[in-house]
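Please view the sequence and the structure alongside the text.

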Amino acid sequence: MNSDGRMKKAFLAPLIPLVLLTLSAEFLVRQGFVRAYLVPAPSAVLRAMIDSRAELLQALFATSIGSLAGFVMSALTGIAIAVLLSSSRVIQRAFYPYAIFFQTVPLIAVAPLLVIWFGFGIQTVIASAFVASVFPVIANTLSGILSTDPPLRDLFKLYGASRLVTLFKLRLPAALPQLFTGLRVSAGLAVIGAIVGEFIAGGGLGSVVETARTQQRIDKVFAAVLLASLLGLALFGLINLLSHLTLRRWHASEQPQ
Amino acid sequence: MTSAGARGVEVQLDQVRRVFDNNRVVIAGMDLRIDAGEFLAVLGPSGCGKSTLLRMIAGLAGPDSGQIRMQPNGQRFETAFVFQDAHLLPWRNVLANAALPLELMGEAKTKRNEKARAALHQVGLLDALDRYPAELSGGMRMRVSLARALVTEPRLLLLDEPFAALDEITRFHLDVQLRELWQRRGMTVIFVTHSVSEAAFLANRAVVLARSGGAIKLDRRLELPAVRNIELRSDPGLGQEMRLLLGAIEE
């Protein structure tokens, strides 16, 4: 099959369950099998989206900024921490358990603390997105750096390469496939982190969900949740595109099966 | 016998001993002298210390005791190493892979690319400069690896079972190519292999190591013609040398 055919298949395959699910939900709600105040009909969600488009778009923009900023911070900090941890076994043994501990702390419990530290507003949302998404970058980049092919390390040693040269010309490029895996996971988590931050600090889609919930506007809650999911998908797609452009000539994960 | 116009280094091992972390003595006091410009094959069963010996000569691991001396003990980077698999950088194309050692040594881009092209020309890969390792066959990858080793014009070339994973025909072509390169360049070559036929076909001298402790069971100068080609494969002399080497391994 040519690449056009593959692309079509890649886009069409997930559309089929989406269409089936939407039609089933519409049917079940309209026929009264599911109560509309629990699950709204897809047409009601669409109507809420159109009616509240200005508010929703503004909220989507705010959440996008918070998620993206938190995600970029996670990517940069995560890579830097992974490089630092990989520099010595002692540093790794001393600090890596804390990175794992950091990951296990429930974000929803930490979010109020973030408000105390950073105040209400975007800075708390960014911090929340960062806390939620930094660990996968650290773990995957570290694993990639540490699993560099030993004979290649020998080769660099044989020709007198410094640690810095070995890092930039061997270890980091070799870690790219795993780094992208970490970034894919991290992209979704950054959106979740931003929404959690918005629940507490206000603004964005998180705030829309919270307000609509108290007004029992379940259609608007679904509309906001759908937009948040689409934002996560867009970030995921962006990372996939970057991964494809970077790895397509040399890594099996980006080559036709 | 050494190659014409030898510019290789002489390698002298004096009572070299190497012990692994689990206290296993891999090499227990080895004495071995390899003449400048010699093509030496090192044979022996798995785990007998062949690869460890090569890594120590390359300076990638130090002996626990004893000495390894080179004569002349000149500049750095005069040693090149070819591994069991090609081990290329998959994100670099053929030219950039072949030029890597020079890049690490700080050579300017134009000059290192020029030298890399010359090395790739020697292994017949000039038409694949822009291709990536994933787009090459196993034999082509190995030839890039060989070009990468030759690009610095080393005086000592160490090969650790480089063609073991290749099919018989590719392996034979690479054997012939390696032998020609050695004759042209006059470097010292130490070639570790499991294959008795490959050792006898390629080398001028072969040593067989014992299963443990790296003791030398046989050290033999191979009595074969200087030109090694397809006719030699059916030469009774080659068969005789192979029998001797095999006998020493199985002893």
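Axes are lines fitted to C-alpha atoms, for helices over the stretch in contact, and angles run from 0 to 180 degrees between N-to-C directions. Helices (H or I, at least four residues) and strands (E, at least two) are DSSP runs, numbered from the N terminus. With these terms, helix H5 (residues 107–118) of chain A packs against H8(A) at an angle of about 55°, with the axes 9 Å apart.

The model is predicted: local features need pLDDT of at least 70, side-chain atom pairs count only at pLDDT 80 or more, and totals for chains, interfaces and linings use all residues. Residues are numbered from 1 along each chain as its sequence is written, while chains are lettered from A and ligands numbered from 1 in the order in which they are written.

**Helix H5 against H8 in chain A**

- The angle makes H5(A) oblique to H8(A); angles under 35 degrees count as roughly parallel, over 145 as roughly antiparallel, 65 to 115 as roughly perpendicular and the rest as oblique.
- H5(A) and H8(A) form a right-handed crossing; a crossing is right-handed if the near helix is turned clockwise from the far one by less than a right angle, and left-handed if anticlockwise.
- From H5(A), Leu107(A), Ile108(A), Ala111(A), Pro112(A), Leu114(A) and Val115(A) meet Gly193(A), Val196(A), Gly197(A), Ile200(A) and Ala201(A) of H8(A); two residues are in contact if their C-beta atoms, placed from the backbone, lie within 7 Å.
- By class, this contact of H5(A) with H8(A) has 9 nonpolar, 2 polar and no charged residues; Ala, Val, Leu, Ile, Met, Phe, Trp, Tyr, Cys and Pro count as nonpolar, Asp, Glu, Lys and Arg as charged, and the others, Gly among them, as polar.

**Helix H8 against H10 in chain A**

- The axes of H8(A) (residues 163–201) and H10(A) (residues 218–247) come within 9 Å and cross at roughly 165°.
- H8(A) is therefore roughly antiparallel to H10(A).
- The crossing of H8(A) and H10(A) is right-handed.
- Residues making the contact include Leu176(A), Phe180(A) and Arg184(A) of H8(A), and Leu231(A), Phe236(A) and Ile239(A) of H10(A).
- The contact of H8(A) with H10(A) divides into 14 nonpolar, 4 polar and 1 charged residues.

- H3(A) (residues 53–86) and H6(A) have axes that come within 6 Å and cross at roughly 35°, in a right-handed crossing.
- The contact of H3(A) with H6(A) has 21 nonpolar, 9 polar and no charged residues.
- Val125(A) belongs to H6(A), which covers residues 122–146.
- Val125(A) counts as buried because it has 34 C-beta neighbours inside 10 Å; a residue is buried if 20 or more other C-beta atoms lie within 10 Å of its own, exposed if 12 or fewer, and partly exposed in between, with C-beta atoms placed from the backbone.
- Beyond its neighbours within four places in sequence, Val125(A) is in contact with residues including Gly66(A), Ala194(A) and Gly204(A).

**Chain A with chain B**

- The contact joins 17 residues of chain A to 16 residues of chain B.
- H7(A) (150–158) and H8(A) each supply at least two residues of the side of chain A that touches chain B, and the largest share of that side, 7 residues, comes from H7(A).
- The side of chain A that touches chain B has 10 nonpolar, 3 polar and 4 charged residues.

**Chain B**

- Chain B contains 8 helices and 9 strands.
- Buried residues account for 44% of the 251 residues in chain B.
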